[in-house]
Each structure stands twice: as structure tokens, then as C-alpha cells.
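Welcome to a short tour of this structure. Please have the model open beside you as you read, and follow the topics in turn.

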Amino acid sequence: MSRLLPHPLLSLALTGFWLLLVNQFSLGQLVLGLILGWLIPLFTRSFWPEQVRIRHPLTLLRFIAVVLWDILIANLTVARLILGRPAKLSPAFIEVPLALETDLAIGLLANTICLTPGTVSAQLTSDRKTLLVHALNTDDPEGLVATIKRRYEAPLKEVFES
Amino acid sequence: MLDIIISILILIGAGFTFVGSLGLARLKDFYTRLHGPTKATTLGVGSLLIASALYFSHTGPGISLHEVLITLFLFITAPVSAHLLAKAALHLRLHSQAPVPEEDKVGNRD
């Protein structure tokens, strides 16, 4: 099973990608997509050392919904800040202590932070314990850290590391 | 009716993309400027792509969904490039409005 099909999730995602790329759905394309989804992970096996396991799919779906909503809000917030008075902004570097350990989870968290309200992740410390985040406008750094940990880190931890 | 929705989506998209680029001109330092293009443009390009998917699903032979792929790739690559730019800026110690944390946190070793 694992020898012939090393990454079932990746295979499914690749099949989906193929169907989206050809932009039409037919049985032939589905079969071709499945073959590609089976062969590509097989040939690139050495690039994917760890197997991804999703523990709580529902939590993941809820997390994606929350992030999409936050992206919408982030755009409106940033647009308002840009059109307002940039001189009055109070940007800050904040340090987010990490509870996550795997590469994938930390990467997803850093990506999420970049996509959401007025924050860009800037640096992961070499001990992988702290993520340095630049906030566009914040009066309450501790509150922002707490929000990031509760809203994004907790679900990621539950999905990928529990 | 669909024409109106598509037009509104294109206008929203153009508006947000414009605000994103305006941020480059109006904001004061490198780090705050990073926020404009990475955020305002995700929604801008997002609504343009939704408009494109609607238009080509309406006029073309079938449902057009490969815009979803563009959105997905954009959401994966935009944060990564923002992160790398911020990292490079920290390394070069560019001028920042916000106080920059100590050297050992930033990871400069020179």
C-alpha cells in the first residue's frame, strides 16, 4: 500500500489539479489525472520525507473558512489604513511563541499570518520556537499574539500534530 | 444581470489592486509597504478571477474553473515572497518605523 501509493492525499490533490488545468470533466481526463496523481508522487518520493496526516478534517475545513473570511477583512482593513493617514500608523514587531513543531504546520501558520489582518511573518528563530511577525498597525501586541495563537495555531495543532 | 455582477466584480478587483499599489507610494517604510501588495491584491486579483470564471462559464462550452488554480497558487506564493522580502530587509537592517528586535532574534551573525 505505502510502497505503491506513498502519498494518497497528494495523489488526490494532483488529480484535482489536472482536472482544473484541462478545465473540463470527462472520464478520459479523470483516468489520465489519476494516473498522473499516482506516478508523480512515486517518482518524487524522495522530496516528501514526511507523510501528511490530517487528523480532524472538519477542523481543517472550519480553519479554511475562518482564514478566507479573515482575508476578506484583512483586505478591507489594509485598504482603509492605506487610504487613511499613514503617518498615524503604529507598526510593531511582535514575537509569537510557537507550540507547533512540524515543518508543514509552521509553514502553514506563517503563510496564514501573511494572508490575514495587517500582519506579515518575518523570521523564524533558529531554535524554531518563536516566529517574528510585523504588524501594520497595533495598539495591543499581546492581544494580537493571543489572537494568532487561538485563531490559527490551535486548529493547526489539532489537525496536524494531535 | 450577470453582466452587472461581472462588472461590479471587475471594478472591485481593479479598486483593490489600485489601493494595493497606492500603498507602495503612501506608506513610510519598507515593512509597512510590504502589507499593501500582499493583502489588498489578493482580494483584487481574487475578484477579477471570479469575474473571469463567471464570464467564461456563461459564454463558453462548460464550467470554467481553472481560475481556482490561479487563486490557489497566488495564495501560496504571495505570503512566501512577502516573508522572504521581510527576512531580507531584516538582514540588511533597513530603516523601520517599528523598533527592530535584538540581533539574536533576527538571526544576523555578521
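In this predicted model, helix α1(B) makes the largest contribution to a nonpolar surface patch, giving four residues.

**The nonpolar patch on chain B**
- Seen on the surface, the patch is made up of B:Met1, B:Ile4, B:Ile5, B:Ile8, B:Ile12, B:Ile50 and B:Leu54.
- Together, these residues have about 650 Å² of accessible area.
- Two helices of chain B, α1 (2-26) and α2 (30-59), each provide at least two of the patch residues.

**The largest pocket**
- The largest pocket holds about 1800 Å³ of space.
- Its lining counts 47 residues, and those closest to the pocket centre are A:Leu104, A:Leu108, A:Phe160, B:Leu72 and B:Ile76.
- Sorted by class, the lining has 37 nonpolar residues, eight polar ones and two charged ones.

**Domains of chain A**
- Chain A is assigned domain 1 (8-47) and domain 2 (57-160).
- Taken over C-alpha atoms, the centres of these two domains are 32 Å apart.
- The largest pocket lies between domain 1 and domain 2 of chain A, because both give residues to its lining.

**Salt bridges**
- Side chains of opposite charge can pair when their charged atoms come close.
- Over all chains, the count is two salt bridges.
- One of the two joins the side chains of A:Asp70 and A:Arg151, at 2.8 Å from N to O.
- A:Asp70 belongs to helix α3 of chain A and A:Arg151 to helix α5 of chain A, so this pair links parts 81 residues apart in sequence.

Methods: Residues are numbered from 1 along each chain as its sequence is written. Chains are lettered from A and ligands numbered from 1 in the order in which they are written. This is a predicted model: local features need pLDDT of at least 70, side-chain atom pairs count only at pLDDT 80 or more; totals for chains, interfaces and linings use all residues. Side-chain values use heavy atoms; hydrogens and water are left out. On a 1 Å grid over the protein atoms alone, a cavity is a set of points where a 1.4 Å probe fits but cannot get out, and a pocket is an open set with protein on both sides within 12 Å along at least five of seven lines; lining residues have an atom within 4 Å of a point. Grid points are joined across faces, edges and corners, and a volume is the space filled by probe spheres set on the points. Ala, Val, Leu, Ile, Met, Phe, Trp, Tyr, Cys and Pro count as nonpolar, Asp, Glu, Lys and Arg as charged, and the others, Gly among them, as polar. Domain bounds come from an automatic or database domain assignment. Patches are made of residues with over 30% relative accessible area and no salt bridge: like charges are joined within 9 Å, nonpolar side chains (Val, Leu, Ile, Met, Phe, Trp, Tyr) within 5 Å. Accessible areas come from the Shrake-Rupley method with a 1.4 Å probe; for residues, only the protein chains shown count as cover. A salt bridge is a side-chain nitrogen of Lys or Arg within 4 Å of a carboxyl oxygen of Asp or Glu.
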